[in-house]
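Please keep the sequence and the structure in view while I talk.

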Amino acid sequence: MTVIEIVCEVCLQLDAIEVQYAVGGSLASSLWGQMRQTNDADLVILIESSDVSKILNAFPDPYLIYEAELVAALASDNEFRPVQLLHLGEAFKIDLFLLKGDEYEISELGRSRKVEVMPGSFINFYCPENVVLAKLRWYVAGNQISDRQWNDIVQVLDVQAGAIDNSYMDIWAKYFNVHELLDIARSQLCG
């Protein structure tokens, strides 16, 4: 299976069990910016403790997800709450980031866009604005040293110039205290 086939299978399964999700990370930045290779996939999902068994049952072999990791992530107050979902047959990792359901996260999901990734298969991706904001937050969390994150930010801004909702990004960039970095990224655009 290809990366996109695995991600599509996971997303369609999340749709089937009525779990809200969006694909983020490098897959989303490749969609809205410039294509680059990735070794994993990032999805955000909105679930509650009552959804644990539903998630576990949705991903039988060849998938592996640990119940204890899922329960611990749900109970965590950390900003980022990842859980690994592994496709054992392809040795491929999907990081599921559990959302808390705050105002920003609800807007992320609401702004996600369905994209046809294979004939007849549509999955939800972060919109370009949320890709940029997520990448800025990860860039800060990684001590502002990741060239890959920074390049993704600038490329999405560059490719989507003229179509991106700058006022939305400005509001949330200030909220997350990444507005200065956003301005620096904007100053590096080609156009």
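This is a predicted model: local features need pLDDT of at least 70, side-chain atom pairs count only at pLDDT 80 or more; totals for chains, interfaces and linings use all residues.

Residues are numbered from 1 along each chain as its sequence is written, and side-chain values use heavy atoms, with hydrogens and water left out.

Let me start with the core. By nonpolar core I mean a set of buried Ala, Val, Leu, Ile, Met, Phe, Trp, Tyr and Cys residues joined through side-chain atoms within 4.5 Å, and buried means under 20% relative accessible area, with exposed over 50% and partly exposed in between, for a 1.4 Å probe and protein chains only. The largest such core has 63 residues, and those with the most contacts inside it are Leu14, Leu43, Ile45, Ile55 and Ile94. If we take contact as heavy atoms within 4.5 Å and leave aside neighbours within four places in sequence, then Ile45 is in contact with residues including Leu14, Ile55 and Leu96.

Turning to the helices, these are DSSP runs of H or I with at least four residues, while strands are runs of E with at least two, numbered from the N terminus. In helix α5, residues 103-111, the buried residues are Tyr104, Glu105, Ser107, Glu108 and Leu109, and the buried residues of α5 pack against β1, β2, α6 and α8. At the start of α5, a side-chain oxygen of Asp102 reaches to within 3.2 Å of the backbone nitrogen of Tyr104.

How do α8 and α9 cross? Their axes, which are lines fitted to C-alpha atoms over the stretch in contact, with angles from 0 to 180 degrees between N-to-C directions, come within 8 Å and cross at roughly 140°. The two helices are therefore oblique to each other, given that angles under 35 degrees count as roughly parallel, over 145 as roughly antiparallel, 65 to 115 as roughly perpendicular and the rest as oblique. On the α8 side, Asn166, Met169, Asp170, Ala173 and Lys174 meet His179, Leu182 and Arg186 in α9.

Next come two polar residues. Asn124 lies in strand β7, residues 121-125, and counts as buried because its relative accessibility is 12%. The side chains of Asn124 and Lys114 are joined by a polar contact of 3.1 Å, that is, a pair of N or O atoms within 3.5 Å, where within protein one must be able to donate a hydrogen and the other to accept it, and residues adjacent in sequence count only if both atoms are side-chain atoms. Ser26, in helix α2, is likewise buried, at 9%, and its side chain makes a polar contact of 2.8 Å with that of Thr38.

Finally, the backbone. Most residues other than glycine have a negative phi, and most peptide bonds are trans. Here, a cis peptide bond joins Asp61 and Pro62, with omega about 20°, and Pro62 sits in the loop between α3 and β3. Ala91, in the loop between β4 and β5, has a positive phi of about 50° and is exposed at 74% relative accessibility. Gln144, in the loop between α6 and α7, has a phi near 55° and is partly exposed, at 41%.
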